[in-house]
Amino acid sequence: MSSLRPSPIAPTVDFDRDGVQHGFLRLPYSRDDSAWGSVMMPICVIRNGKGPAALLTGGNHGDEYEGPLALYDLARTLDPKQVSGTVIIVPAMNYPAFRAGTRTSPIDKGNMNRSFPGRPDGTVTEKIADYFQRELLPRADIVFDFHSGGKTLDFVSFCAAHTLPDKALEQKAFDAVAAFAAPFSMRMIEIDSVGMYDTAAEEMGKVFVSTELGGGGTSRAQTVRIARRGILNVLRHGGIVAGAVERSKTQWLDMPSGDCFSFAEDDGMIETMVDLGEPVEEGAVLARIHSTGRTGIAPQEIRAKMPGMLAARHFPGLVKAGDCAAVVAVHV
Ligand SMILES: [Zn+2]
């Protein structure tokens, strides 16, 4: 690590100063329309003395809105007198992607959540990842990263943490998930964990918590309410914000293996046969993919490989071969 050059990102905030600071992470980005221009990523630091630090992010994928809605709101409303320690808020982590309303960056097509540990001399997305890896993650005790389904997936609303080899760390993460008190709480596995922010934080020994709240490239009143209440609950649970956690019933779900995921094997038009949150039997038809090139062709059936509940589905009406069509989770 020591051989890496310094990050080109300059913060306009002082992480060790008490009070509320609204500023930027400024990343020089020279381009056609701005010769000596910069990417200006909003950041808010709310600090009140020594104590634990939380690093809160939304917009890791630029087309997911519950996190940014909750975090711009928190940055505007959180009173430092209520805080013990530090809250660092980056409401739109992949800011170029967020500005474009796309999952990945329009500058370099970088998927922030596949770009860790990043590079100080890499693409814009890699430079942002590197800054989180070397400057922001080391400051945090708890790391909370909001996700939703984006334009191509829709989820039941859950807060999640990963099963980890370090069981003490895993338990701390699941305790924070329980405090978030979403309708569902997930023990999550990943299809492809290499390069994820999650993995970077966990390998650093940080408590890492995430969400999937709805999707479809928009937000809903209910999912935003869940996000706003949940993040305050996590901060209260961590002793960073004063007040009692607002507990409510949550249903724990597990993703025990890769059999949770079903993928389209053909292009076509998807017909959802089960709605989110509905129970499914093993072998049940979750969706049908209709060929659109000609009539008279039987649809491809996407079947559940395990019994459980439909936790996620493909969102747009058209699918391509390889798209994630459905995710089944199991009640714990
Ligand atoms: Zn996401």
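**Close-up views**

**View 1. Lining of the second largest pocket.** Helix α5 (residues 197-203) provides the largest share of the lining of the second largest pocket, 4 residues (helices are DSSP runs of H or I with at least four residues, strands runs of E with at least two, numbered from the N terminus). Among the lining residues are His-162, Asp-166, Glu-190, Asp-198 and Glu-203 (a pocket is an open set of points on a 1 Å grid over the protein atoms alone where a 1.4 Å probe fits, with protein on both sides within 12 Å along at least five of seven lines; lining residues have an atom within 4 Å of a point). The model is predicted: local features need pLDDT of at least 70 and side-chain atom pairs pLDDT 80 or more, while totals for chains, interfaces and linings use all residues. Numbering starts from 1 along each chain as its sequence is written, and side-chain values use heavy atoms, without hydrogens and water.

**View 2. Strands at the largest pocket.** β7 (153-155), β10 (207-212), β12 (261-263), β17 (308-314) and β19 (324-331) each contribute at least two lining residues. The most, 3 residues, come from β17.

View 3. His-61 (ND1), Glu-64 (OE), Glu-64 (OE) and His-147 (ND1) lie 2.1 to 2.4 Å from the zinc ion (donors are N, O and S atoms within 2.8 Å of the metal, 3.2 Å for Na, K and Ca; water is not among the atoms). The donor residues follow the spacing H-x2-E-x82-H in sequence. His-61 is buried, at 2% relative accessible area, and Glu-64 is buried at 3% (buried is under 20%, 1.4 Å probe, protein chains only).

Notes: Buried means under 20% relative accessible area, exposed over 50%, partly exposed in between (1.4 Å probe, protein chains only).
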